[in-house]
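Hello,

Here is the structure you asked to look at.

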Amino acid sequence: MKHSRINHIKRYLKIQEIVKEKYDPDLMTYAKFFRQHIYPIYPMSYHRFITIINMSGLKKELEKELEQKGKSDNQLSLF
């Protein structure tokens, strides 16, 4: 379950990074940007996209999840 949460946070950070790099409010709306740049790569609803770009503290949350995963990773190595 934790692995899935880590992947979600990484995906959210990538989406926020794409928006910061490519979005220009003078050229297009969030809806148009979503349809052209985000939806083809990361299929999701527009509402979810808006929720993701408004999230804050994702880097801290990712660090916390990675730290917790490191502490609870009790699987033995075969080699």
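The largest pocket of this predicted model has a volume of about 170 Å³. Its lining is made up of Leu 13, Gln 16, Glu 17, Lys 20, Met 55, Ser 56, Gly 57, Leu 58 and Lys 59. Two elements, helix 1 and helix 4 (58-72), each give two or more residues to that lining. Which of them gives the largest share? That is helix 1, with four residues. By type, the lining of the largest pocket splits into three nonpolar, three polar and three charged residues.

Gln 16 sits in helix 1 (residues 2-22). Is Gln 16 buried or exposed? Its relative accessible area is 12%, and the cut-off for buried is under 20%, so Gln 16 counts as buried. Leaving out residues up to four places away in sequence, Gln 16 touches Ile 52, Ile 53, Met 55 and Leu 58.

Ile 52 and Ile 53 lead on to helix 3 (residues 46-53), where they are buried together with Phe 49. These three residues are on the same side of helix 3, because they cover an arc of only 90 degrees around the axis.

Next, please look at Tyr 23, which is placed in the loop between helix 1 and helix 2 (30-38). What does Tyr 23 contact, apart from its neighbours within four places in sequence? The list is Ile 18, Met 28, Thr 29, Tyr 30 and Phe 33. In the case of Met 28, the backbone oxygen lies 3.4 Å from a polar atom of the Tyr 23 side chain. Phe 34 is eleven residues from Tyr 23 in sequence, and the C-alpha atoms of the two are 9.6 Å apart in space.

Last, the protein chain as a whole. It has four helices and zero strands, so the order of elements from the N terminus on is written α-α-α-α. Of the 79 residues in the chain, 27% are buried. Among the contacts in the chain with a separation of 6 or more, 56% are between residues 24 or more positions apart.

Regards

Key
Residues are numbered from 1 along each chain as its sequence is written. This is a predicted model: local features need pLDDT of at least 70, side-chain atom pairs count only at pLDDT 80 or more; totals for chains, interfaces and linings use all residues. Side-chain values use heavy atoms; hydrogens and water are left out. Buried means under 20% relative accessible area, exposed over 50%, partly exposed in between (1.4 Å probe, protein chains only). The arc is that of the directions from the helix axis to the C-beta atoms. Contact means heavy atoms within 4.5 Å. On a 1 Å grid over the protein atoms alone, a cavity is a set of points where a 1.4 Å probe fits but cannot get out, and a pocket is an open set with protein on both sides within 12 Å along at least five of seven lines; lining residues have an atom within 4 Å of a point. Grid points are joined across faces, edges and corners, and a volume is the space filled by probe spheres set on the points. Ala, Val, Leu, Ile, Met, Phe, Trp, Tyr, Cys and Pro count as nonpolar, Asp, Glu, Lys and Arg as charged, and the others, Gly among them, as polar. A polar contact is a pair of N or O atoms within 3.5 Å; within protein, one must be able to donate a hydrogen and the other to accept it, and residues adjacent in sequence count only if both atoms are side-chain atoms.
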